[in-house]
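Me: Please walk me through the sheet and the nonpolar core of this model, taking one question at a time.

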Amino acid sequence: MMYHRALRFVPVATGRMARPVHQRTLHFCVLATSVGHQRAALAESRRFHGDHGDREKPVQVEFTLPDGEVKTVTGYEGQTLLDVCAEQGLPMEGACGGSCACSTCHVYLQEKAMDLFEEATDEENDMIDQAFYPEPTSRLGCQLRLKKGVHDGLKVKMPRATRNMYVDGAKVVPH
């Protein structure tokens, strides 16, 4: 097995200086020199749902909710379906915050819409395998990013139930 040598910076006692440490990894850590910089770096590293997308490029999406009600909402290019649901107050949980680590944003696409998105990754397929009622057109809403001109008029159906170890009835709110 071949390892790549990388340089990682770790804080020393003062927290303001860094010393290089060689280790066998491909990851890099960046030293933040103040609490403000640390908070900014942390905010940049997290995946927040509620992404606003490009407001100049609206995309109409039709959702069939678990109870059968149909709602047409406006999303924006760059948003995921999870982002759109969080912004519009639709009942999609997204317990993992869009990190592809749960199946609470499980949705069904129309057969013809399957080719409009990139193919599901192995990680996404693993999560779909754990979802209730998976179908061949199942995808995770956090992995489906909208693009104007490609996804206009997209029809999405939400399943009757999702698997979540969180509190029943919890709703995602943008933060």
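**Sheet and core**

Reply: In this predicted model, Tyr-108 stands opposite Ser-138 in β6.

Me: How do β5 and β6 run, and how many bridges join them?
Reply: The place where Tyr-108 faces Ser-138 lies in β6. β5 and β6 run antiparallel, and the number of bridges joining the two strands is three.

Me: Which strands stand at the edges of the sheet, and why is one side of each left without a neighbour?
Reply: The open sheet is formed by five strands with mixed pairing, in the order β4-β3-β7-β5-β6. Each edge strand has a single partner strand, so one of its sides has no neighbour in the sheet, and these strands are β4 (70-77) and β6 (138-140).

Me: What angle does the direction of α2 make with that of β4?
Reply: From one strand to the next, the twist of the sheet averages 40°. α2 packs on this sheet, where it touches β3, β4, β5 and β7, and its direction makes with that of β4 an angle of about 115°.

Me: Which element gives the largest share of the largest nonpolar core?
Reply: That core has 26 residues, and those with the most contacts inside it are Val-61, Phe-63, Leu-81, Leu-154 and Val-156. Two or more residues come from each of β3 (54-64), α2 (81-88), β5 (106-109), α3 (122-129) and β7 (154-157). The largest share, four residues, is given by α2.

Me: Which residues does Leu-154 touch, leaving aside those up to four places away in sequence?
Reply: Leu-154 is among the residues with the most contacts inside the largest nonpolar core. With residues up to four places away in sequence not counted, Leu-154 touches Gln-60, Val-61, Glu-62, Leu-81, Leu-109, Ala-113, Phe-117 and Leu-146.

Notes. Residues are numbered from 1 along each chain as its sequence is written. This is a predicted model: local features need pLDDT of at least 70, side-chain atom pairs count only at pLDDT 80 or more; totals for chains, interfaces and linings use all residues. Side-chain values use heavy atoms; hydrogens and water are left out. A nonpolar core is a set of buried Ala, Val, Leu, Ile, Met, Phe, Trp, Tyr and Cys residues joined through side-chain atoms within 4.5 Å. Buried means under 20% relative accessible area, exposed over 50%, partly exposed in between (1.4 Å probe, protein chains only). Contact means heavy atoms within 4.5 Å. Two strands pair if DSSP finds at least two bridges between them. Axes are lines fitted to C-alpha atoms, for helices over the stretch in contact, and angles run from 0 to 180 degrees between N-to-C directions.
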